2 protein chains.
Amino acid sequence: MLPYTLIEKKQAGKALTREEWEFFIFGFLSKEIPDYQMSAMLMAIYFQGLEDDEISNLIDIVIKSGKRIHFKNKDIFYADKHSTGGVGDKISLILAPLAAATGKVRVPMISGRALGHSGGTLDKLESIPGFRTNLTLEEFQKQTDKIGCALIGQTDDICPADRALYALRDVTATVRSIPLICISILSKKIAEGIQGLVLDVKSGNGAFMQKPEDAELLAKKLKYFGEANGLKVTPVITDMNQPLGQAVGNWLEVREAIDVLHGGGPQCVRDLSLLLTEEMILLANPQETRQSIRRELETLLDNDIAFNKFLEIAEAQGGDISVLKNPDSYPKSAYVAEVTADEAGTITAIDTYGLGLDAIDLGAGRRKYTDTIDPKAGMLVYVSIGDKISSGDLVVTLFSDNEEAITIKAAEIGERFVLNHTL
Amino acid sequence: MLPYTLIEKKQAGKALTREEWEFFIFGFLSKEIPDYQMSAMLMAIYFQGLEDDEISNLIDIVIKSGKRIHFKNKDIFYADKHSTGGVGDKISLILAPLAAATGKVRVPMISGRALGHSGGTLDKLESIPGFRTNLTLEEFQKQTDKIGCALIGQTDDICPADRALYALRDVTATVRSIPLICISILSKKIAEGIQGLVLDVKSGNGAFMQKPEDAELLAKKLKYFGEANGLKVTPVITDMNQPLGQAVGNWLEVREAIDVLHGGGPQCVRDLSLLLTEEMILLANPQETRQSIRRELETLLDNDIAFNKFLEIAEAQGGDISVLKNPDSYPKSAYVAEVTADEAGTITAIDTYGLGLDAIDLGAGRRKYTDTIDPKAGMLVYVSIGDKISSGDLVVTLFSDNEEAITIKAAEIGERFVLNHTL
């Protein structure tokens, strides 16, 4: 078997056998197949796709490249939520403690870092001083079973093939491939040892799937292959044509999540958190009604019970909960810029992808792997699609320690907001 | 400018600007852009193609990555021939001395090594003991002007970007791309300092362009971009549905070329050598008639004048001309196997690509860059499409120092020849 002929086979639109994929993936992991052959293969997959059998085989091969968690308690329903990524998506920070607070599910959540224009739950958690996202798998399992939830990052033990593939896809423009996204998401989630998975498939100009039909196809494929691997899966397609909530940036988003966990925060963030958590509880207890679940979840938010679960999780993972209790004590950005509207009109579109890139430039994300993140950096966006604004209205506040970046962004960011015509 | 966004741009089917290609190619050469990003780009080009402006820019950028030869004598017509590659194609070994023997053109020929299933002129020349293919550019120019022809391999000075790209394309299944082939061929030929180029575009199951329409498109593009760069170009599309002549393998092909240079050899090899040389002389002297050129070339072959020019070239480059004068003195393969027909019928098709791979396995080519070539290895194929054969007729003789390989091939090679039905 030659790597070259396998690339050629995929390039010609043919399906590779299980043995061929094993040879290619394990050869890549052992460095016998070099990066440049794998990146050529990934680009060939981007154009030619993968057949269903190939996707199933690859999910299994990627799982077998590492360890698979097996929770011992078979009476408990372990569940997770995954979002395909967007701008201002802090739902995991709310859903995980909220779901755990019901006592009906346990949430062993493995999250990723910021990717391209999109934020990452892991970076948000790490904006909490002391919060350890690198628990061992043993600690992770123990904490999940003790307090109902643990929040960590991908480890070397879980799906190392996915890690290696992801790093390469990220720099070779091969992230946006539905079969590769399926394999990456499902292999990690199955290896987590969960039984149920709620998928938030984002659609719109701030999502990886910009076209609704792509989001629908991805949702369908994720459900199909998740169920084929014994998972209960509920995909939900949600809008990413504007940032989710006001806050974009790591600590700013944690702070907004705290507001929601106190029963407040932007309505759209509260609504989506309730919806996705409801779907998760329904996966565990299909006999319950949506109404009763919703009432319970609202109570858990409004009475600070979910917030207290969040504190419990943070404390268990070494986080400084004093800043969570008193967010105003968090360090401030050196520079703050308020951007106001210079004309009146109705907001008809928002360049959400662009705002995600702006947040990176303010310090909230990485242009290169070696970049460090400023947890304080980012923006608060005060307008939504459909809002009528007057000249002089506050549109967005920027936060950064980088004077040059904030000056440039303050001058340019107005263009991300489109008035009175479509984008 | 980010390599990632340029890959994404090409992936989306958009054209890159000259500045973007310079950034990408020179970044790759300086190793700032890693192999894996270039191979992703090459695969994106494979699927999305390149626009005409991009091809022109890339030819120029690749030339500028190295030196360009400028012959001083402006009254002389410098010309070269290039074949897109096939099985048993030894035409360059005949055409180069034959054209030079006319005194009407000078032939500064830079050739390549065996590639995939296809042989390489350079490997054939190196089967002549002592033959130096690594002349300096200065020696190359001097010899061309002194005796009318020099035959060398690609040097580090000429189009280093092509060298680097080619090595990567060869292992990532991105050789078979018409725009990339155009850029690779024309950049090197223009850098050689020639004014005229005859292109032998092979079409058929032993060619890189298996479909006639692809061969035609490649021929058209090569002519267009060659002429846009000031070259006179004559493309000729020729058949590669069976090996060219009987000999496949380095020394075996040199020996067959010697036969043709003595006025003998297989008719098809003589015919194609005459045709392509005639086209080259016509490029130099368009006022001459084909008939008069043809008569002159036939005389040069039949009276050993072209053969003597070949000896002169070989001697100038350190080759042992005693074996050229007396080919029977060349070392013999340890194993020889004669394969006969086990049924009667008409040869309707030959798996030429397969025969090329068989020759490699006998020792005539490389599976990996580090493999060494056995110059004696290969085969003589005695049948052509349309031939009627009887059971027991000799079909092919194999030559190898590898007993295991020749045993396997002797048992299997009959399947490459299809009787009474199409392939």
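A: A salt bridge is a side-chain nitrogen of Lys or Arg within 4 Å of a carboxyl oxygen of Asp or Glu. This is a predicted model, in which local features need pLDDT of at least 70, side-chain atom pairs count only at pLDDT 80 or more, and totals for chains, interfaces and linings use all residues. Residues are numbered from 1 along each chain as written, chains are lettered from A in the order written, and side-chain values use heavy atoms, without hydrogens and water.

Q: Which residue forms a salt bridge with B:R416?

A: B:D358 does, with the closest N and O atoms 2.8 Å apart. B:R416 sits in the loop between helix 17 (403-412) and strand 12 (417-419) of chain B, and B:D358 in helix 16 (residues 352-364), 58 residues apart. Helices (H or I, at least four residues) and strands (E, at least two) are DSSP runs, numbered from the N terminus.

Q: Is B:D358 buried or exposed?

A: Buried means under 20% relative accessible area, exposed over 50%, partly exposed in between (1.4 Å probe, protein chains only). B:D358 is buried because its relative accessibility is 2%, whereas B:R416, at 21%, is partly exposed.

Q: How many salt bridges are there over all chains?

A: The whole structure has 70. One of them joins the side chains of B:E253 and B:K124 at 2.9 Å, N to O. B:E253 is in helix 11 and B:K124 in helix 6 of chain B, so the pair ties together parts 129 residues apart in sequence. B:E253 is buried at 3%, and B:K124 is buried at 2%.
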